[in-house]
Amino acid sequence: DIFETIRKVAPSMATVLIEGASGTGKELVAKSIHFNSPRRNQPFIAVNCPDRTQSASSPNETRPTRLR
């Protein structure tokens with residue numbers, strides 16, 4: 001289940017790629033991992049990546065968002 005996966009990866013220093021359709025809670029999962037990790041005192045930065053089927057030629061397609 002997703003909560004068990006979050007508990008397993010949160011203590012790790014690994015980079016985690018979270019994929020899914022729009023509106024499925026990917027950012028909530030990312031925040032849960034971050035705030036349960038050793039990096040919890042560092043800024044959380046969400047990076048929205050374009051769908052692999054979309055053109056990556058537009059510079060506005062991928063932009064990091066700093067959340068606090």
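Trainee: Leaving aside its neighbours within four places in sequence, which residues is His34 in contact with?

Mentor: With those neighbours set aside, His34 is in contact with Arg39, Arg40, Gln42, Pro43 and Phe44. Contact here means heavy atoms within 4.5 Å. This is a predicted model, in which local features need pLDDT of at least 70 and side-chain atom pairs count only at pLDDT 80 or more, while totals for chains, interfaces and linings use all residues. Residues are numbered from 1 along each chain as its sequence is written, and side-chain values use heavy atoms, with hydrogens and water left out.

Trainee: Where is His34 found?

Mentor: His34 is found in helix H2. Helices (H or I, at least four residues) and strands (E, at least two) are DSSP runs, numbered from the N terminus. The protein has two helices and two strands, and from the N terminus on they run α-α-β-β.

Trainee: Why does His34 count as buried?

Mentor: Buried means under 20% relative accessible area, exposed over 50%, and partly exposed in between (1.4 Å probe, protein chains only). His34 has 10% relative accessibility, so it counts as buried. Of the 68 residues of the protein, 12% count as buried.

Trainee: Which backbone atom does the side chain of His34 reach?

Mentor: The side chain of His34 reaches the backbone oxygen of Arg39 at 3.5 Å. A polar contact is a pair of N or O atoms within 3.5 Å; within protein, one must be able to donate a hydrogen and the other to accept it, and residues adjacent in sequence count only if both atoms are side-chain atoms.

Trainee: Why does Ser37 count as buried?

Mentor: Ser37 counts as buried because its relative accessibility is 4%. Ser37 lies in the loop between helix H2 (26-35) and strand E1 (44-48). A polar atom of the Ser37 side chain lies 2.7 Å from the backbone oxygen of His34. The backbone nitrogen of Arg39 lies 3.1 Å from a polar atom of that Ser37 side chain.

Trainee: What makes Met13 count as exposed?

Mentor: The value for Met13 is 57% relative accessibility, so it counts as exposed. Met13 has its place in the loop between helix H1 (2-9) and H2.

Trainee: How far apart are Met13 and Arg39 in sequence and in space?

Mentor: Met13 and Arg39 are 26 residues apart in sequence, and their C-alpha atoms are 8.3 Å apart in space. Leaving aside its neighbours within four places in sequence, Met13 is in contact with Pro38 and Arg39. Among contacts in the protein between residues at least 6 apart in sequence, 26% join residues at least 24 apart.

Trainee: Why does Ile45 count as partly exposed, rather than buried or exposed?

Mentor: Ile45 has 40% relative accessibility, so it counts as partly exposed. Its place is in strand E1. Ile45 and Ala30 are 15 residues apart in sequence and 9.5 Å apart in space, C-alpha to C-alpha.

Trainee: Which residues lie nearest the centre of the largest pocket?

Mentor: Val16, Leu17, Ile18, Ala30 and Val47 lie nearest its centre, and the pocket is lined by 33 residues. On a 1 Å grid over the protein atoms alone, a pocket is an open set of points where a 1.4 Å probe fits, with protein on both sides within 12 Å along at least five of seven lines; lining residues have an atom within 4 Å of a point. H2 and E1 each supply at least two residues of this lining.
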